[in-house]
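Student: I have a model open and would like to learn how to read its features. Where do we begin?

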Amino acid sequence: MSDGRVHRVSGPVLEVEGLEPEMLELLEIGDRRLPGEVIALRGALATVQVHAYTGGVRPGDRVEATGHPLRATLGPGLLGGVFDGMLRRLSGAAAVLGDGDRPGTLDPNRTWRFSPAVETGHHVGPGALVGEAPETAAITFRARVPHGVGGTIEWIAPPGDYTATEPIARVDGTVITLSEQWPVRLPRPVTSRLRADVPLRTGQRALDLFFPIARGGSAAVPGGFGTGKTVLLQQIAKWCDADVIVYVGCGERGNEMADVLEEMAELEDPRTGRSLLDRTVLVANTSNMPVLAREASIYTGVTVAEFYRDMGYDTVLIADSTSRWAEALREVSSRTGELPAEEGYPATLASALAAFYERAGRVQTLGGDDASVTILAAVSPPGGDMTEPVSSNTRRFVRCVWSLDPDLAYARHYPAVSWRDSSTRDAERIAEWYLSQNEPEWSARRERALRILADADRLESIAQLVGAGSLPDRERVTMLAGRLLREAVLQQSSLSANDAFCAPAKQRSLLELVLRIHDVCADLVGRGTAVARIEQADLSPATRARDATGPNDAAAVGEIGERLLAALWELG
């Protein structure tokens with residue numbers, strides 16, 4: 001390591017002289033060894049963004065170059081843990097980390113039961129499986145040959161208990177341990193990218209039925225204050241069918257992160273019957289933490305997600321929210337004197353968003369597994385302005401947009417996913433997957449339901465002017481069907497044991513019930529039944545069915561539907 005000196009201090013941004021660092025190299029500042037990254041080089045001066053509180057730093061303080069970029073330590077023990085934006089373990093640390101506190105990522109004393117999967121003399125390449133160690137009841141840690149390493153197994157550890165840093169194998173002179181370090185801004189390598197066409201089941205009807213996302217896709221959740229972004233993402237984290245969840249609280253309130261931790265610890269994983277935390281990694285970079293650690297937390301989270309993807313798992317990264325991350329980019333650019341673009345954000349905002357979302361994907365790993373990283377990110381536009389730079393640029397790079405409507409939220413319609421402003425580019429691919437699963441009618445059901453919702457919105461605006469009684473009977477039936485779709489299918493209670501999660505079979509049954517009610521009502525009107533009689537009929541069993549039946553009880557929904565349809569036919 002070589003030494004330099006602090007030349008100038010501007011909040012979390014420093015200028016350093018006396019070093020010849022590389023771009024994005026990690027430096028350590030002062031006696032407290034504060035971590036900072038080189039973000040600009042101008043002659044003999046290096047501009048450094050510091051991922052810690054810089055109070056007390058002054059010109060002349062010593063600076064050391066580490067010779068490597070910002071890295072994350074990856075290994076067994078991440079699952080169930082809570083970390084800050086630099087992947088320092090918070091669980092078990094002090095209530096407030098001091099400036100010089102640097103708790104490690106992994107417990108150096110904890111051992112893992114390792115079982116080798118290869119023998120001495122075998123030839124292995126990057127990504128090859130070396131052995132396994134149970135990390136939690138839900139996930140088995142798979143130790144693999146690191147990228148850039150390959151050759152003959154010269155030595156393999158016998159079955160036994162090993163710490164994360166003890167050798168478990170030696171390949172052509174390179175010692176392999178259960179842990180490794182990886183630069184957080186560098187995507188982990190894969191063999192190839194695959195077509196993303198398998199749906200990620202979230203358990204939320206508004207998403208799975210109308211705006212589905214494929215495993216390896218990316219989705220943005222834009223919405224103003226109070227529209228339910230955090231609750232929706234928490235519901236997805238609890239109920240989606242991914243193997244590993246990485247939840248990044250980027251600049252969010254500390255009490256919200258505490259709620260996430262408490263609820264996940266109490267929630268039972270349907271796969272194992274144990275705590276959902278057993279397959280979750282929490283990166284908590286709350287609003288009172290250093291602003292530039294917030295900028296790093298997004299990259300830290302996606303690196304952890306890629307690490308478990310490379311073991312062959314389907315992972316989901318949830319980032320709440322990317323707007324706070326973009327604000328950190330804006331603060332750095334303003335302090336370095338960068339020419340501001342729209343609303344003060346740096347001109348590199350679009351490319352930074354593109355690079356982040358591009359790390360999502362369904363891939364063939366170096367080890368030959370089919371695995372994926374799915375990215376779900378909240379966007380919090382100031383004042384709910386969806387035309388501001390973060391929102392508008394995000395829409396360019398994601399596959400799905402789950403836009404939250406403040407009018408729906410204020411009307412207590414949750415999740416407040418707007419069927420008018422939301423979209424998905426994965427619907428066609430997912431329809432092909434459903435076709436291969438002997439469900440060819442999935443796409444037609446979805447398109448018909450969206451058409452009814454659009455027609456009902458249009459008719460309701462007309463009815464407000466001329467009155468619903470002035471509309472033709474068939475159009476009044478369409479308005480009735482639109483109301484049923486909103487209340488019986490789209491609405492979902494996160495507080496209900498029966499409705500917080502909805503299995504695919506029950507989702508299909510609820511949607512089919514409403515569409516059959518629409519068909520029967522239209523048929524009755526065609527046969528001369530007065531539409532007023534149909535509007536006065538008790539259709540509440542359809543709206544109660546979502547909460548009165550279990551999460552997987554599609555048969556009970558069908559029974560309710562048969563009774564309700566029989567009652568409707570009696571009207572004719």
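Tutor: With a definition: a salt bridge is counted when a side-chain nitrogen of Lys or Arg is within 4 Å of a carboxyl oxygen of Asp or Glu. The model is predicted. Side chains of opposite charge can pair when their charged atoms come close. Here Glu512 and Arg445 form such a pair, with N to O at 3.3 Å.

Student: Is Arg445 buried or exposed? And how should I class Glu512?

Tutor: Buried means under 20% relative accessible area. Arg445 has 8%, so Arg445 is buried. Glu512 has 30% and is therefore partly exposed.

Student: How many salt bridges does a search of the whole structure find?

Tutor: The search finds 39. One of the pairs is Asp197 with Arg362, at 3.1 Å from N to O. Asp197 sits in the loop between strand 18 (192-194) and helix 1, while Arg362 is in strand 23 (residues 361-364), so this pair ties together parts that are 165 residues apart in sequence. Both Asp197 and Arg362 are buried. Salt bridges can also link up: Glu28, Asp31, Arg33, Arg62 and Glu64 form a network of them.

Student: What is the salt-bridge partner of Asp499?

Tutor: The partner is Arg205, and the closest N and O atoms are 2.9 Å apart. Asp499 is in the loop between helix 11 (473-490) and helix 12, and Arg205 is in helix 1, so the pair ties together parts 294 residues apart in sequence. Asp499 has a relative accessible area of 0%, so it counts as buried. Arg205 is also at 0% and is buried.

Student: What else surrounds the side chain of Arg205?

Tutor: Arg205 lies in helix 1, which covers residues 205-210. A polar atom of its side chain is 2.5 Å from the backbone oxygen of Gln491. Leaving aside residues up to four places away in sequence, Arg205 touches several others, among them Ala488, Val489, Cys502, Leu510 and Arg546. Phe210 is also one of the residues that Arg205 touches.

Student: How do I read a nonpolar core, and which residues touch the most other members of the largest one?

Tutor: Read a core as a set of buried nonpolar residues joined through side-chain atoms. The largest core has 72 residues, and Phe210, Leu376, Trp402 and Ile517 touch the most other members. Helix 12 (residues 504-526) gives the largest share, 10 residues. Apart from this core lies another of 69 residues, including Val145, Ile168, Leu349 and Val373. As for Phe210, its contacts beyond four places in sequence include Thr424, Arg446, Leu453 and Leu511.

Student: Last, how do I read a sheet?

Tutor: Strands of a sheet pair through backbone hydrogen bonds, either parallel or antiparallel.

Student: Over how many bridges do strand 9 and strand 11 pair?

Tutor: Strand 9 (residues 112-116) and strand 11 (residues 129-134) pair over 2 bridges, in the antiparallel sense. Pro116 has Gly131 of strand 11 as its bridge partner.

Definitions and conventions: Residues are numbered from 1 along each chain as its sequence is written. This is a predicted model: local features need pLDDT of at least 70, side-chain atom pairs count only at pLDDT 80 or more; totals for chains, interfaces and linings use all residues. Side-chain values use heavy atoms; hydrogens and water are left out. Two strands pair if DSSP finds at least two bridges between them. Helices (H or I, at least four residues) and strands (E, at least two) are DSSP runs, numbered from the N terminus. A polar contact is a pair of N or O atoms within 3.5 Å; within protein, one must be able to donate a hydrogen and the other to accept it, and residues adjacent in sequence count only if both atoms are side-chain atoms. Contact means heavy atoms within 4.5 Å. A nonpolar core is a set of buried Ala, Val, Leu, Ile, Met, Phe, Trp, Tyr and Cys residues joined through side-chain atoms within 4.5 Å. Buried means under 20% relative accessible area, exposed over 50%, partly exposed in between (1.4 Å probe, protein chains only).
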